[in-house]
Amino acid sequence: MEVEGSRIAAVYAGDHPQATDLGNAALIPGLVNAHTHLEFSDLEKPLGPVAPFTEWIRSVMKSRFESSGPAESKIQQGIKESLGAGTTCLGEIATSSESLQLLEQSHPAPHSVVFRECLGFSADRVSEQEQIAADFFEERTGPGHEVPIARGLSPHAPYSVNPDLYLRLVQLARDRGAPVAVHLAETRDELEFLERKQGPFVELLTELGLWDSQILRDGLRMYDYLAPLAELSSALAIHGNYFGEAEIKFLKQSPQISVVYCPRTHHYFGHTPHPWLKMIGQGINVAIGTDSRASNPDLSLWNELLFLRGQFTEVSTGLILECGTFSGARALGLSQEIGSLVAGKRADMALIQLADSSDPLSGSDLLLNSRSYVSRVMLNGCWVN
């Protein structure tokens, strides 16, 4: 492979007289973490309890309230951890401007799409959150990243965003040509909340003084939250743990919508098996994310891929690697620039130190092997560690 400046100039099929011997290693495209929340990067372990899910949400709210120290240091910690683990692109959900500023001004920093999170279930929050979203697109951060950071919106989830606000945010993103990321079908309780206006989410909203049964129309389904996303050029349906046949059929017909599967977070909450392989089999783009340290022990997308290898031994290494590279780039609207080792694309790569093939414990898969690890990372044509 030949690199000139920040780009891949050529990819050679065999030995090349000017090639550098990297030893028992493999070069792969830089990993793409399609979904994370860097603001929780200082957590030493995931939050609990995990059930019901609303108790975990209460723990997240408490963590935010009791958190000490500047948000900047936590986000910077997450950026550093991500790069060190081979991640060269992030889909970041941001509750403030710090992520955008740090990702644009820090060097090195992964390429990123920063989605401004918006929350507001009650009607009186709609205008305020809509204004926050509009201001996000106009915010100036000064000179910075070699590659401009893309901006998008994240109406958080059906249980935390007023339906009118949800539609207005999607329309704003459409008018701006911006992507949207929304948490959908993460738990069964979410389905009960929409379809029957019952369950733990009603209890939580009532406790917070936000519940009004008139906000949700009768007969609302998860499908109703997917449908508006088809108007966008790019959208991410985060989690999708409980998408049913109707949602999967719709996604099959809407190639601009990608699903982001977060394997270790999914496992942490003990969900039923995720339909990611079924979705891929029907042509749906499935990317991989770590979510945050509130539900994951680390931010390593490499560890997500190793986890998938351990859980799905029948799935090819190529497919798992594609989910963590090209599929993520496609989900974030960046597949023309990153995600594969092709001449003309950005020289973003991870060098994987391979397991010893003579080790009887290494198995046949030397790449996605528990003894293989990310040893170096290249970003924009420069080794950054």
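Which residue at the start of H12 has a side-chain oxygen that reaches to within 3.4 Å of the backbone nitrogen of Trp302? It is Ser300, and the tour begins there.

The model is predicted: local features need pLDDT of at least 70 and side-chain atom pairs count only at pLDDT 80 or more, while totals for chains, interfaces and linings use all residues. Residues are numbered from 1 along each chain as its sequence is written, and side-chain values use heavy atoms, with hydrogens and water left out.

**Stop 1: helix H12**

Select residues 301-311, which make up helix H12. Helices (H or I, at least four residues) and strands (E, at least two) are DSSP runs, numbered from the N terminus. The approach of Ser300 to Trp302 can be read as a polar contact, defined as a pair of N or O atoms within 3.5 Å; within protein, one must be able to donate a hydrogen and the other to accept it, and residues adjacent in sequence count only if both atoms are side-chain atoms.

Eight of the 11 residues of H12 are buried, so the helix is largely enclosed by the rest of the structure. Here, buried means under 20% relative accessible area, exposed means over 50%, and partly exposed lies in between (1.4 Å probe, protein chains only). Among the buried residues are Trp302, Phe307 and Arg309.

**Stop 2: from Arg309 to Asp365**

Next, select Arg309 and Asp365, which form a salt bridge with the closest N and O atoms 3.0 Å apart. A salt bridge is a side-chain nitrogen of Lys or Arg within 4 Å of a carboxyl oxygen of Asp or Glu. Arg309 belongs to helix H12 and Asp365 to the loop between strand S12 (349-353) and S13, so the pair ties together parts that are 56 residues apart in sequence. Arg309 counts as buried at 12% relative accessibility, and Asp365 is buried at 16%.

**Stop 3: helix H1**

Move to Glu39 and Arg64, whose side chains meet in a salt bridge (3.0 Å, N to O). Glu39 lies in the loop between strand S4 (31-36) and H1, and Arg64 in helix H1, so this pair ties together parts that are 25 residues apart in sequence. Arg64 is partly exposed, with a relative accessible area of 36%.

Now select Arg58 and Glu55, which form a salt bridge of 2.8 Å, N to O. Both residues lie in helix H1, three residues apart, about one turn of the helix. Arg58 is partly exposed at 22% relative accessible area, and Glu55 is partly exposed at 29%.

**Stop 4**

Select residues 180-184, strand S8, where five of the five residues are buried. In a regular strand the side chains alternate between the two faces of the sheet. In S8, Val180, Val182 and Leu184 lie on one side, with Ala181 and His183 on the other. S8 pairs with strand S9 (residues 235-239) in the parallel sense over five bridges; two strands pair if DSSP finds at least two bridges between them. Within this pairing, Val182 stands opposite Ala237.

Then select helix H6 (residues 188-196), whose buried residues include Asp189, Leu191 and Phe193. The buried residues of H6 pack against helix H1 (53-66), S8, helix H7 (200-207) and helix H8 (223-226). Following H6 is Lys197, with a positive phi near 55°.

**Stop 5: the open sheet**

Which strands form the open sheet, and in what order? Four strands form it in the order S3-S12-S13-S14, with antiparallel pairing. S3 and strand S14 (382-383) are the edge strands, each pairing on one side only. Two bridges join strand S13 (residues 373-379) to S14, and Met378 stands opposite Trp383.

**Stop 6: Arg330**

Finally, select Arg330 in helix H14 (residues 326-331). At 35% relative accessibility, Arg330 counts as partly exposed. Leaving aside neighbours within four places in sequence, Arg330 is in contact (heavy atoms within 4.5 Å) with Pro255, Asn285 and Ser335.
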